[in-house]
Amino acid sequence: MRRQASLIDAVATILEKARDAQRVVFVSGNFNVVHPGHLRLLSFAKDCGDFLVVGVVEDGNGKIHVPEHLRLEAVQSISLVDYAFILREAPEKFIAMLKPAVVVKGKDREAGVNAEREVVESYGGKLFFGSGEVRFSSLDLLRKELLETNFSAIRKPLDFPPRHGFSMTDLVGLAKQFTRLKVAVIGDLIVDEYINCDPLGMSQEDPTIVVTPIRSDRFLGGAGIVAAHARGLGAEVSYLHVTGNDDIGRYAGEMLASYNVKNESVVDESRPTTLKQRYRVQGKTLLRVSHLRQHDVPREVGGLILAKARKALEGADLLIFSDFNYGCLPQYLVDEIIAHGRQRNIMMVADSQSSSQVSDVSRFKGMHLLTPTEREARLAMRDFTSGLVVLAEALRQKAQAVHVILTLGNEGLLVQVPESQAGQFATDQLAAFNSTPKDVSGAGDSLLACASMALAVGASIWQAAYLGSIASALQVSRVGNSPVSAQDLLTELTF
């Protein structure tokens, strides 16, 4: 009776967890030691449906050498598996109760007697045999790239802190103050989709590279990830943005909620939510596809944005503009929001990106900090010949900014600040902290969030640049945008 109850409980749990699934797939086995053959089989099974259930056979079989709880833990740790449990009955008995759409067994079992076949066919299910393809290693590496921070790749310049009169202990103290901040972020919402593929070769019909997708992952991007970084680092965050009336926008809303960011969205029926797809092969981006519109938001939408911006700035310590020049922040809106921020004496910072479009970061006047790339600074100044120091100072003066951090990719960054003596300015450079980045697309977002928050809690620009560089190094150590956490930052500061 206990076994029967256990079986009924397992079926009930699976049906609840898989209620939105179209096809449930079931695999069972001993799984003494999870080896490449198991991973290939599970990968094959996962492709047969959208919810993979694995039954780990209970102790007692003569072929079992590892305790069941350890075998279950090993299977549960595999990202392909949606639900795993200890199977205490014959597989065919469990299958009769669950009625999965597909049951998968190893190819070596195809020629033998399979007690599951009659049960599966009785309700119209399918019994498949397969050994899977050699792609388990790719999936495992992708999972590590997406989720794991590689602290060992980060090298912090040790001469910079004493040169500017601070220590790592000082930075730890500043980072712990992030929790008292209230931050408002305004800017373009973007969803990034990474479609990882295996290369198949060259087409024989035309000179085209042929790939097959093996994994797709979506991330919050644009100003949304700036907001998520700020929340991950400890601040209370509200994020104001424009979204389309579509599934991508709703996905972004769910992601913001999962990060505990207050979502202040305004729907613009004239545009889709921006989606950027990256097709990647062996850690390199093969192709980018952007689904977007770049026209200015209609005036009525602009009015809603302004009203929500005023509300978002109530009690805010810091306002971050994160602009991608897709029409969500036309100049009249920027000017009015800045004027309102000044009235409330709020620290304001800005970044205006131009990776594939034209921008002018100097249109954000009177910011406490600007963080353009060299290209963005040259576009703003229409200057493609001056040295970096002259360029950065000219931009600082044109934009009436207090500080400029010029980001230089794998060369690190240059900090430009005013000095008390008229006509003079101070500069210093920080080398890149991570010399082996996996994905540089989110470097500027994390730097902007962390450096501006540091300034908001009283850090010097030198301390802010150093903290921002650490956040950036953490971000580029993995693929795709996921928020840098306060714990990651503190770990690296004391590493």
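Reply: Let us begin with a definition: a residue is called buried when its relative accessible area is under 20%, and exposed when that area is over 50%. The model shown here is a predicted one.

Me: Why is E393 called buried?

Reply: The cut-off for buried is under 20%. E393 has a relative accessible area of 6%, and therefore E393 counts as buried. This residue lies in helix 14, which comprises residues 388-398.

Me: What makes the pair E393 and R396 a polar contact?

Reply: A polar contact requires a pair of N or O atoms within 3.5 Å, one able to donate a hydrogen and the other to accept it. The side chains of E393 and R396 are joined at 2.9 Å, so the pair is called a polar contact.

Me: Why does D198 count as buried?

Reply: Its relative accessibility is 19%, and the limit is under 20%, so D198 counts as buried. D198 is found in strand 7, residues 189-202.

Me: How do you know whether T274 is buried or exposed?

Reply: T274 has a relative accessible area of 8%, which is under 20%, and therefore T274 is buried. T274 belongs to strand 11, residues 274-281. Leaving aside neighbours within four places in sequence, T274 is in contact with L189, I190, V191, I248, H291, L292 and Y326. The word contact is used for heavy atoms within 4.5 Å.

Me: What makes R382 and N260 exposed?

Reply: Exposed means over 50%. R382 has 58% relative accessibility, so R382 counts as exposed. N260 has a relative accessible area of 54%, and therefore N260 is exposed as well. R382 lies in the loop between helix 13 (374-381) and helix 14, whereas N260 lies in the loop between helix 10 (247-258) and strand 10 (262-267).

Me: What is noted about the phi angles of N260 and R382?

Reply: Phi of N260 is near 60°, a positive value in a residue other than glycine. R382 likewise is not a glycine, and its phi is positive at about 50°.

Me: How do you know that the buried residues of helix 3 are on the same side?

Reply: Helix 3 covers residues 68-76, and its buried residues are E68, R71, L72 and V75. They cover an arc of only 100° around the axis, and therefore they lie on the same side of helix 3. These buried residues pack against strand 2 (51-57) and strand 3 (83-87).

Me: Why are the buried residues of helix 17 also placed on the same side?

Reply: In helix 17, residues 486-493, the buried residues are D488, L489, E492 and L493. Their arc around the axis is only 135°, so they fall on the same side of helix 17. Among the elements that cover them are helix 8 (168-176), helix 15 (443-456) and helix 16 (461-475).

Me: What describes the packing of two helices?

Reply: Two packed helices are described by the angle between their axes and by the distance between the axes. For helix 15 and helix 16, the angle is about 145° and the axes are 7 Å apart. Helix 15 passes helix 16 in a right-handed crossing.

Me: Which residues meet where helix 15 and helix 16 are in contact?

Reply: From helix 15, the residues include A443, L447 and C450, and from helix 16 they include I461, L467 and Q475. The residues of this contact divide into 10 nonpolar, 5 polar and no charged.

Me: How do you know which residues K17 is in contact with?

Reply: Contact requires heavy atoms within 4.5 Å. Leaving aside neighbours within four places in sequence, K17 is in contact with F51 and Y83. K17 itself is found in helix 1, residues 2-17.

Me: How far apart are the C-alpha atoms of K17 and D82, and those of D198 and K17?

Reply: K17 and D82 are 65 residues apart along the chain, and their C-alpha atoms are separated by 8.7 Å. D198 and K17 are 181 residues apart along the chain, with 30 Å between their C-alpha atoms.

Me: What can be said of the protein overall, and how many helices and strands are there?

Reply: The secondary structure comes to 17 helices and 18 strands. Of the 495 residues, 54% are buried. The C-alpha trace spans about 90 × 55 × 50 Å along its principal axes.

Methods. Residues are numbered from 1 along each chain as its sequence is written. This is a predicted model: local features need pLDDT of at least 70, side-chain atom pairs count only at pLDDT 80 or more; totals for chains, interfaces and linings use all residues. Side-chain values use heavy atoms; hydrogens and water are left out. Buried means under 20% relative accessible area, exposed over 50%, partly exposed in between (1.4 Å probe, protein chains only). Helices (H or I, at least four residues) and strands (E, at least two) are DSSP runs, numbered from the N terminus. The arc is that of the directions from the helix axis to the C-beta atoms. Axes are lines fitted to C-alpha atoms, for helices over the stretch in contact, and angles run from 0 to 180 degrees between N-to-C directions. A crossing is left-handed if the near helix is turned anticlockwise from the far one by less than a right angle, and right-handed if clockwise. Ala, Val, Leu, Ile, Met, Phe, Trp, Tyr, Cys and Pro count as nonpolar, Asp, Glu, Lys and Arg as charged, and the others, Gly among them, as polar.
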